[in-house]
Amino acid sequence: MTKNPENPTVNFCRWKKIALILSGLFLLYVMVGFWAVPPFLKPQLEKQLTNISGRKVTIGAIKLNPLVLSATISNLTVHETDGTPFIGFDSLYVNLQLSSIFRWAGTVKEIRLSAPFAVLQLMPGGKMNIDDLIARFSRTAPPSEKERGLPRAIIARFEVIDGKFTFTDLSFSEPVHDVITPITFTLENLSTLEGRQGQFRFTGDGPIGGQFDLSGNLELNPLNLQGRFFTKGAQLIHHWEHIKNLVSFQILNGTISMSADFFAAIDDNGLSARLENGTVQLNNFELTDKGSDTVLIDLPVFSVEGIHSDLKTHEVIIEKVQTTTPRIESWLASDGTFALQKMLMTDLEKLMEIKDAKPPAPDDAPAPAWQVTLEKIEATNWELAFEDRILTRPAKIAVNGTHALVKDLSTQKGAQANVRVSMQINKQGQVNVDGTAGINPLQADMKVVAKKIALKPFQPYVDDAVNARITSGVASGTGRIRYHGKDAKPQINVDGEFSVDEIEVQDQLQTDDFMTLKQLKTSGIALELLPNRLRVSEVLIDRPHASVTIDEAGVINVINAFASVEKQNDSNKENLLKRIVNFLIMEFKGPMPIHVDRILLDRFTGNFMDASIFPLFRTRMEITEGAINGLSSKSSERADFKITGNIDQTATIEASGQMNPMNALKYSKVNLSLKNFALPSISPYSGKYIGYKIDNGNLHTNLKYKVSDDQVDGDNIITIDELALGKAVDSPDALNLPIKLGVALLKDRNGRIALQVPVVGNVKDPQFDYAKTIKSALTGTIEKAGSQPFAAIKKIDGFTGEQLKIVAFDVGLSALRETETRKLDALASYLKEKEALILGIVGMADRIMDGAAVMGKSPLKNAAGSKSQDKEKTPIEAVSVDSVDNKRLEALAQRRAAKVHTYLVEKAGMDSSRINIEPVQIKSNPPDKDGFVVFNLSAK
């Protein structure tokens, strides 16, 4: 049986019918897609979005193109509660692909968002206009396990065109607005399929200039992000506007640019992230105290290059930090605070308060410490300007031309950085620092060289202390400073030398060459802290000079120059110098043993002028050399010293001995000698204080002192050769002393006066006064010699001075006894050696004894054993004493004086011009007394 073939007509009709049905369905699909769905979808979508966001959402129009599977939403706006636009866009275009069916993944050919915008506002009190949205979406339930996987999707291209972001800060009295536009973003080939990688780019322009660009590759499965970003020319002053009420500083100018390559990924091992080739650059940055026009920090160029960081290894490496011609200005204000410190520390304290206010973090395992390495830090032509305004006249200190280079600075344990710094101080002195430093542990080993740092700019510190003025001088030094951090007791070692050169100091009277110093050099300094110790090999004092003057009013320039001055301001704050000193004192905890091997003094000269006396007095002293060996702070150690010099290039000075200046009363031994000091040079003083000028004479002294346990045992040997007093001076200040007589008596046969004045006592005894002891000894010697001149005469030929004062006679007689002639011979030999003495002879007669004898009333014989050279008859007739004739007594007294005068001239060989017979004296002496002649002494 054969089948009937199909009728071609029937087949055609069937296919036609199918085509018509399909055409109808397609037409219906097109009609529904183009015209039916959009009007229905628009209100539904607005309603759903409004319900989700809690904000009113409006949509301008929705267009669907079923032919190309695209949709366009126009003018979508999410409104604020007050109706103002919050977020939205002009249009959103989405184009799907049918290939999604074959790829088994949702495939989007293109998403294009045109003119999107967003407005973010910070309200007063810290609230934001998105707080309600954050709260709403934070309540959304977390996805289930099944929902946590990424859906299969592909986006061929996502593009944002002409975006705009606005931020408004309403927390200040004046709103601050930031607008970033235009914003563009492109994303290509984004896929959730494993191993698929897309490309993206995000660009925009910031407010008041500034651009940013972010581009790279993005992989979602697994999450992997890499790319590069950069910002350029962002204005810092605009960003400061957002924080100005929170900080004390003000940014006046400056732009910032940044760039870096970034890498981030999340896998089973967690998050890993890296930053490579990062750069940061500041240009024309200026920072000041708020409300001030004075720029405190000025950074024309500051750059950081080669930033590399790795989150996994916790390591940051920076290849280079560089700044050129930066300038920092600061001052120590009258309230005792530093300008920058006051400004920045205030902000730091605010940050610490915010940190402390946060709840404590859970007790998780501590994260490993970050290791930071800066391969190179360089500052070129850096400048610091500082003023100390606590002083009456502010001190200005400038650090100029600074070049600093640090290599390989790292927080890694044991890492050492190379440090090199050079700078000028006040555009004159040079300081160079070269060495190594480490952070972990904190340590440094630096060689420091300072050359010719001028001292004159530091004069304001002197002004607040004394009346002297530094007119010139420089300080220099070299040394090695080592710091080793060791728990709370860091160890510091300083080795080197220090000197000040060409010092000139002037007093208020502007005395020429008031004080000068060629050099003060300290060599071989070895300072250690914890434990404390200071050792110095040598201190050289080279050619110091001082001019000491006393003006007509009696003011001594040295005392006036170095007297403490009264502060002219009311500030009781410490200036910078005092702070440094007090800091060092605090660091030098505990005693500081000191040992100086040697101190050398080379050619000290001193000029002295006294205008308070007439005529004006001048002299000059020179210490040609001096040395102290073994100076120590240990009370048991003693230093040997020796000094040689001269006064007015004629008198010589020598001193030597042992002592410990830190404990001189424990033990000291001093020998001091002065030779050939010409006394005529001090005639102005001798005329004023002793009433005579000095025509001639040389002074020699030899002082020997020993101090042991506060007990002083000293011997002052004073010798004066050929002393000749000059004219008398009528001075109200002159001591009432018989100077000429005392000098004449004290001179020996060679014209020398030799005095020995011992000093013994305890310095802690309130009755002990060294100066008073010396003065009393000298004036007492002269006063005693003048008031009791014969007591000052040493024993001659068995006769004391007091015995030589009187020549005894038999009663009523004038004949010399043999013993008395020997006495006269001894006196004559003494007077021949004392050519300046004048002998006065006073003949005496006794009214009772001699009177009876001359009147013959009570005959007496010659004293037993006496032999008179003149045989006079013994009176034989007694008379009444009341009837004694005074003339006969005076005649007896005159004969006695004449007998003594004749013997001294003719027998003893004295010059008669040095002997004066003075008026006789008649006295009433007790019975049984011899008659006598009394001598007195005076000076020519």
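In this predicted model, the largest nonpolar core holds 31 residues, and Val-900, Leu-904, Phe-935 and Leu-937 touch the most other members. A nonpolar core here is a set of buried Ala, Val, Leu, Ile, Met, Phe, Trp, Tyr and Cys residues joined through side-chain atoms within 4.5 Å; buried means under 20% relative accessible area, exposed over 50%, and partly exposed anything in between (1.4 Å probe, protein chains only). At least two core residues each come from H10, strand S34 (806–809), helix H13 (818–833), strand S35 (837–846), helix H15 (886–907) and strand S37 (931–939). H13 gives the largest share, with 6 residues. Helices (H or I, at least four residues) and strands (E, at least two) are DSSP runs numbered from the N terminus.

Leu-904 has quite a list of partners: leaving out residues up to four places away in sequence, it touches Leu-824, Ala-828, Leu-839, Ile-841, Gly-909, Met-910 and Ile-915, where contact means heavy atoms within 4.5 Å. As for helix H10 (residues 739–746), 6 of its 8 residues are buried, namely Ile-739, Leu-741, Gly-742, Val-743, Ala-744 and Leu-745.

A word on bookkeeping. Residues are numbered from 1 along each chain as its sequence is written, and side-chain values use heavy atoms, with hydrogens and water left out. Since the model is a prediction, local features need pLDDT of at least 70 and side-chain atom pairs count only at pLDDT 80 or more, while totals for chains, interfaces and linings use all residues.

Zooming out, the protein has 15 helices and 37 strands, and buried residues account for 38% of its 940 residues. Of the contacts between residues at least 6 apart in sequence, 59% join residues at least 24 apart. The accessible surface (Shrake-Rupley, 1.4 Å probe; for residues, only the protein chains shown count as cover) comes to about 53700 Å², with 57% of that belonging to carbon and sulfur atoms.

On the strand side, S12 (residues 249–267) has two partners to look at. It pairs with S11 (residues 223–235) in the antiparallel sense over 10 bridges, with Ala-234 opposite Ile-256; pairing requires at least two DSSP bridges between the strands. S12 is also joined to S13 (residues 270–289) by 16 bridges, again antiparallel, and there Ile-266 stands opposite Leu-271. A hairpin of 2 residues links S12 to S13. Elsewhere, Ala-398 sits in strand S18 (residues 395–410). Beyond neighbours within four places, Ala-398 is in contact with Leu-384, Gln-424, Ile-425 and Asn-426.

Then there are the charges. Side chains of opposite charge can pair when their charged atoms come close. Taking a salt bridge as a side-chain nitrogen of Lys or Arg within 4 Å of a carboxyl oxygen of Asp or Glu, the count is 31. Arg-55 and Asp-132 form one of them, with the closest N and O atoms 2.8 Å apart. Arg-55 lies in the loop between helix H1 (8–53) and strand S1 (57–58) and Asp-132 in helix H3 (residues 131–138), so the bridge ties together parts 77 residues apart in sequence. Arg-55 is buried at 3% relative accessible area, whereas Asp-132 is partly exposed at 35%. Together with Glu-80, Arg-55 and Asp-132 are linked in a salt-bridge network.

Arg-274 and Glu-276 also meet in a salt bridge (3.7 Å, N to O); Arg-274 is partly exposed at 34%, and Glu-276 is partly exposed at 21%.
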